[in-house]
Amino acid sequence: MHTDLVAALDIGGTKIAGALVDGDGSLLVRAQRPTPAREGAEAVMGAVDEVLGELMASPLWGRAGSVGIGSAGPVDAAAGTVSPVNVPGWRDFPLVERVHKTAGGLSVALVGDGVAMTAAEHWLGAARGYDNALCLVVSTGVGGGLVLGGTLRPGPSGNAGHIGHISVDLDGDPCPCGARGCVEGIASGPNIARRALENGWRPGPDGDATAAAVAVAARAGDPVAIASYERAAQALAAGIAATATLADLDIAVVGGGVAGAGDVLFVPLRRILREYATLSYLRRLTVAPAVMGNDAGLVGAAAAAIALR
Ligand SMILES: [Zn+2]
């Protein structure tokens, strides 16, 4: 039978999503389970098997030629294992082998979720038509992925482009990763909110103290809220400039919940990027918001499976 579909899995700390994806990136069949993140390894795998089982029950399953997985990191694509920070039961868990078995022997491609998002944006989103792109997911953490010479470059481990743990503040705060002054420690949503609170910003009557609430305050002119986003933009700008200077990039695409702040983030980001990306060959470097939304993980897992075939 003609195998024109990819079975895609998007594995995160709160949900495990699956879909059968066609050659245009359309999601034809979907399945989803909450991630039993506090339970043991087999309980989490059980949820993956349920998602796959639902896809396999579809009459379209026979058209699936491979499986693509985008997983919360770190992943080890060479070993086929995952160790998602927010799924403690999975450490060096042999996900590729297990999915291969459940899915009836189909080949399985594994990449980190930042790489999957990059594959989606390059295939159908904001990085489409650009041969050299860095895509960032700025959310609870900060991740990313790279397209170079028109090709997705996940690296041997599947984590290349993980901009969140580039140091942009040499003597900065210790990061849970063990380094100091990482982009994530300055630019992630929780850190935008923390910095605003430390500097005197207070949530409104609804008590919402998230980065999204800080963005609302910034839009209304609150100087502390504006300053917290400016600092996040500065860290992102330094990380993007470093990457672009090394890899000669055309575009940086920024997605994730923090990118939902819109101009509150993008106006200072574009301005400050010019202070760090100064060499002549970086004049063409542009910054664009991601456009693939909630389905980026699934579309990207499918795109990665196709790209790495
Ligand atoms: Zn770090």
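What geometry do the four donor atoms give the site of the zinc ion? The site is tetrahedral, with angles of 105 to 117 degrees among its four donor atoms. This is a predicted model, in which local features need pLDDT of at least 70 and side-chain atom pairs count only at pLDDT 80 or more, while totals for chains, interfaces and linings use all residues. Residues are numbered from 1 along each chain as its sequence is written, and side-chain values use heavy atoms, with hydrogens and water left out.

**Zinc site**
- The protein donors are His165 (ND1), Cys175 (SG), Cys177 (SG) and Cys182 (SG), at 2.0 to 2.3 Å from the zinc ion.
- Donors are N, O and S atoms within 2.8 Å of the metal (3.2 Å for Na, K and Ca); water is not among the atoms, so sites may look incomplete.
- Four donors count as tetrahedral if all angles lie between 85 and 135 degrees.
- Along the chain, the donors of the zinc ion follow the spacing H-x9-C-x1-C-x4-C.

**Cysteines**
- Cys175 is buried at a relative accessible area of 9%, and Cys182 is buried at 2%; buried means under 20% relative accessible area (1.4 Å probe, protein chains only).
- The count of disulfides is zero, a disulfide being a pair of cysteine sulfur atoms within 2.5 Å.

**Helix α8**
- Helix α8 (residues 263-276) has 14 residues; helices are DSSP runs (H or I, at least four residues) and strands likewise (E, at least two), numbered from the N terminus.
- Buried residues of α8 include Val264, Leu265, Phe266 and Pro268.
- The buried residues of α8 pack against α6 (211-219), α7 (223-247), β11 (251-255) and β12 (286-289), where contact means heavy atoms within 4.5 Å.

Note on methods: Buried means under 20% relative accessible area, exposed over 50%, partly exposed in between (1.4 Å probe, protein chains only). Four donors count as tetrahedral if all angles lie between 85 and 135 degrees; four count as square planar and six as octahedral if opposite donors are over 155 degrees apart and all others between 65 and 115; anything else is irregular. The expected span of a helix is 1.5 Å times one less than its number of residues.
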